[in-house]
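I'm opening my notebook on this one and jotting things down as I look them up. Here is what I'm working from.

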Amino acid sequence: MKDEGYKSFWKEKREYHTDNCGLFFEIKSILYAQNSKFQRIEVVENEYFGRILFLDGLVQTTERDEYFYHEMLVHPAFVTHPQPQRVLVIGGGDGGVVKEVLRYPVEKVDFVEIDEKVIRVCQKYFPWLKKVLQDKRVELILQDGFEYIQQAQESYDIILVDSSEPVGPSVSLHEKKFYQLLRDNLSQPGIVVAQMGSPFFHQDELFRKFEFLRTIFKKVFFYTSPVPTYPAGEWSYAFLSETIDPTQIIRRPAGGLKYYSPQAHQRAFLLPKPLEKLRQNKS
Ligand code: SAM
C-alpha cells in the first residue's frame, strides 16, 4: 500500500472548487508553466490522466477524459440540425471541440480563440490540435470572441461556446449581450451550444443564465454529462435554438465516439430534481 503520509505541496497540483475543497493530481512532470497576456497556462503530466491543461489554476482538459466534455458539447447539435455546414467555435484553444466538429462533412469552421499562447502550447502537448489546424476547413482567428461576434458579417448553422469559467478573459462570454449577438448571427435553422458550468457548485449561475436565455431564444434546454476531472464530476450545457428541439434526433452521429450515443443524448436531457427549474421550456 502506498504511503499516504506527508506529500510536499510542489509534488501536487490542486484545483480548489471552494476555499476549502477540491481535487488534486500528483505531478509526474511539469511540462509548461508560464503566464500569457491573458492567463496562467500550465501543462502537467499525471500518471493516470496523462497531460492536463490548467488555465488560472483550473483544469480545462486531460488526455484521458477529454472526450466526455468535447463529445457532449458537439454531437447533440450535429444530430439534431438538418444540415450543418458553417460552424463557429468560440474559445476551446485546446482544440478538442473543433476535433469533434471535423468528424462531420462541414464546409467551414471559424475557430475564435483569444490567447495565441494557449494554441501554441496545446499544439505541442495535445497532438489532436496539430491535426485540427492542418485541416483546410478550419480558420483560426486570434481574437476576443465577444468582439468577433459583434463585428461578424457571417451567419452560422451551429455556434459552440467552449469558454473558460467566468473569470479573466472569458467574463463577457457569460453575459446576456453576448447571447443576443450569437442569436443575431445564427442561420435558420440554427443552434447555439454553450458550456454552463457545474450543476452543483455553480447552480445560481445556471439559474441566472436560464432567466436571460429564455428572453433571447425560443428553445432553451439545459443538459448534463459526466466529466471526471471537472468539479463534482458532472457538467452542464445549454442548447439554444429558435426552432430545433434537441430531443428529436434526426441524423446519425459520427463514428468512432467514446462517450456520446443516442442513449447518452436522451439521458443527458433528463434533468434531476435540483435542476427542475431549468425545465420550463417554451415551445
Ligand atoms: N470548457 C473548458 C472548461 O470549462 O474547463 C474550457 C476549455 S477551453 C481551453 C477555454 C478557452 O477559452 C481557453 O483557451 C481561453 O483562452 C479561451 N477564452 C477565454 N476567454 C475568451 C474570449 N473572450 N474569447 C475567445 N476565447 C476565450
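Which polar side-chain atom lies 3.4 Å from a nitrogen atom of the ligand? I looked it up, and it belongs to Asp 144. I'm using "polar contact" for a pair of N or O atoms within 3.5 Å; within protein, one must be able to donate a hydrogen and the other to accept it, and residues adjacent in sequence count only if both atoms are side-chain atoms.

Residues are numbered from 1 along each chain as its sequence is written, and side-chain values use heavy atoms, with hydrogens and water left out.

**Confidence.** I checked pLDDT (the predictor's confidence in each residue, from 0 to 100). The protein chain has a mean of 94, and 95% of its residues reach 70 or more. Residues 1–8 fall below 50, and beyond near neighbours in sequence that stretch has three contacts in the model (contact means heavy atoms within 4.5 Å). Where pLDDT is low, the predicted coordinates should not be read in detail.

**Around the ligand.** I found 26 residues surrounding the ligand, going by a heavy atom within 4 Å. The closest are Gln 60, Tyr 69, Glu 113, Gly 145 and Asp 162. Taken alone the ligand exposes 590 Å², and the protein buries 100% of that (Shrake-Rupley areas, 1.4 Å probe). Strand 6 (58–62) and strand 8 (108–113) are the elements that give two or more residues to this shell; strands here are DSSP runs of E, at least two residues, and helices are runs of H or I, at least four, numbered from the N terminus.

**Gln 143.** I placed Gln 143 in the loop between strand 9 (138–142) and helix 5 (145–151). Its C-alpha is 4.6 Å from that of Ile 114, though the two are 29 residues apart along the chain. Leaving aside neighbours within four places in sequence, Gln 143 touches Val 112, Glu 113, Ile 114, Tyr 148 and Gln 151.

Most residues other than glycine have a negative phi, and most peptide bonds are trans. I noted Asp 56, not a glycine, with a positive phi of about 45°, in the loop between strand 5 (50–55) and strand 6. The peptide bond from Gln 188 to Pro 189 is cis, with omega near 0°, and Pro 189 lies in strand 11 (residues 186–197).

Key. Predicted model: local features only at pLDDT ≥ 70, side-chain atom pairs only at ≥ 80, totals over all residues.
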